[in-house]
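This briefing concerns the structure shown below.

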Amino acid sequence: MPSPDGKSCTDIDECALNPNVCLNGRCENNLGSYICHCDFGYSVKDHEQGCTDDNECETGLSDCDEHADCVNTLGSYQCNCLEGFKGDGFVCRDVNECLRDNGGCHPDAACINTIGSFMCSCDEGYSGDGFTCRDMDECSLNPTLCDNGQCLNYPGGYRCECDMGFAAENSATTCVDIDECALFQNYCAFGRCENIYGMFRCNCDTGFQLDPTGGNCTDINECENPQFCKYGTCVNAPGSFTCECPPNYTRSPTGADCVDIREGQCFLDVTDVYRGRGICSTDIGERLTRATCCCSVGKGWGPTCEVCPVLNSTEYSNLCPGGTGYRPNKITVQLEG
């Protein structure tokens with residue numbers, strides 16, 4: 001500005017002229033101008049007067065934690081930890097929400113902590129968003145479960161009630177065949193145990209048969225069958241039998257019967273009996289067995305003229321079970337004419 005005498009120019013002290021010229025700083029006058037020494041957090045900016053606030057949040061000068069929000073203030077800034085974190089804003093630590101009340105998840109759900117948050121996951125056997133979980137009825141959803149058994153649903157799972165001959169495995173979620181032959185050593189006495197799907201069967205040894213339970217083999221009493229041990233006495237034994245033949249009889253080649261294989265003269269007439277022996281006549285001229293002779297036309301047989309049994313007597317029925325005209329074959333003991 002001009003000096004009082006108008007002959008020169010004098011400096012204007014802007015700092016004295018306008019004490020608030022620097023706003024947020026200290027004004028220092030100099031020749032022809034002035035300088036603002038700004039307070040911390042303020043600076044002089046182009047096209048702006050005085051010291052104005054520095055936005056540290058935008059300039060990157062803030063020191064907030066990466067999990068915090070930066071909030072600018074006049075001359076400074078503040079840091080606020082994000083939701084899910086706690087601290088002073090400069091250091092923020094994750095909050096484990098799952099440590100309290102299962103994080104608010106359903107009782108049948110697992111709380112899983114994540115960085116700055118958490119998630120809820122329904123337990124196996126349940127469905128839902130984790131905050132609400134409902135039991136899944138696996139038996140209705142999958143009719144193929146528990147093959148060879150019954151599927152029973154329960155909260156969070158299911159189990160198999162297996163049919164007879166099957167056992168539960170894999171935490172009772174499947175039914176598998178039981179090998180009874182390997183499991184029970186006392187099955188099928190006097191036979192061979194054969195495992196089949198869902199059960200077993202006994203293959204009995206010769207001379208044995210299945211008992212009513214189907215689980216064991218018992219002796220067959222062959223002597224109860226009148227077709228065994230003809231013309232002899234049947235003696236049963238475990239798994240077999242023996243024929244005890246009467247005098248003059250021998251076992252047939254099969255050992256299952258007795259047969260009189262002796263051959264002698266056959267007489268058509270017995271004229272008298274003397275001291276228990278017959279007096280025979282009319283030899284037919286062919287050597288025959290006693291049964292062949294007496295069960296046909298003969299009246300006496302053999303070198304001592306044994307008198308043939310009287311027709312329809314017990315002795316006759318034993319010798320000639322097929323009646324007149326039939327006699328047992330010497331080998332098969334089958335009646336033949």
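In this predicted model, Phe208 has a relative accessible area of 13% and therefore counts as buried, the limit being under 20%. Phe208 forms a stacked aromatic pair with Phe190, with 4.6 Å between the ring centres and 5 degrees between the planes. This pair links distant parts of the chain, 18 residues apart.

**Aromatic pairs**

- Phe190 is located in the loop between helix H4 (180-183) and strand S17 (191-196), whereas Phe208 belongs to strand S19 (residues 208-210).
- Across the whole structure, 8 aromatic pairs are found.
- One of these joins Tyr77 and Phe90, whose planes stand at 65 degrees with the centres 6.3 Å apart, so the pair is edge-to-face.
- Because Tyr77 lies in strand S6 (residues 76-81) and Phe90 in the loop between strand S7 (85-87) and strand S8 (92-94), the pair ties together parts that are 13 residues apart in sequence.
- Phe90 is partly exposed, its relative accessible area being 37%.
- Phe184, Tyr187 and Phe200 are linked into a cluster by ring pairs.

- Asn248 is not a glycine, yet its phi is positive, at about 75 degrees.
- The position of Asn248 is in the loop between strand S22 (240-244) and strand S23 (250-251).
- With a relative accessibility of 46%, Asn248 is partly exposed.
- Asn312, likewise a residue other than glycine, has a positive phi near 75 degrees.
- Asn312 is placed in the loop between S30 and helix H6 (314-319).
- The relative accessible area of Asn312 is 68%, so this residue is classed as exposed, the limit being over 50%.

**Sheet architecture**

- Four strands form an open sheet with antiparallel pairing, in the order S27-S26-S29-S30.
- Strand S27 (277-283) and strand S30 (306-307) are the edge strands, each pairing on one side only.
- The antiparallel pairing of S27 with strand S26 (residues 266-274) extends over 6 bridges.
- Phe267 has Asp283, in S27, as its bridge partner.

**Domain layout**

- The protein is divided into domain 1 (14-53), domain 2 (101-135), domain 3 (138-177), domain 4 (180-219), domain 5 (222-259) and domain 6 (263-319).
- The centres of domain 3 and domain 6, taken over C-alpha atoms, are separated by 80 Å.

Technical notes:
Residues numbered from 1 in each chain as written. Predicted model: local features only at pLDDT ≥ 70, side-chain atom pairs only at ≥ 80, totals over all residues. Heavy atoms only, no water. Pairing = 2+ DSSP bridges. Helix = DSSP H or I, 4+ residues; strand = E, 2+ residues; numbered from the N terminus. Domains from an automatic or database assignment. Phe/Tyr/Trp six-rings, centres within 6.5 Å; stacked < 30°, edge-to-face > 60°. Buried < 20%, exposed > 50% of the residue type's maximum accessible area, 1.4 Å probe, protein only.
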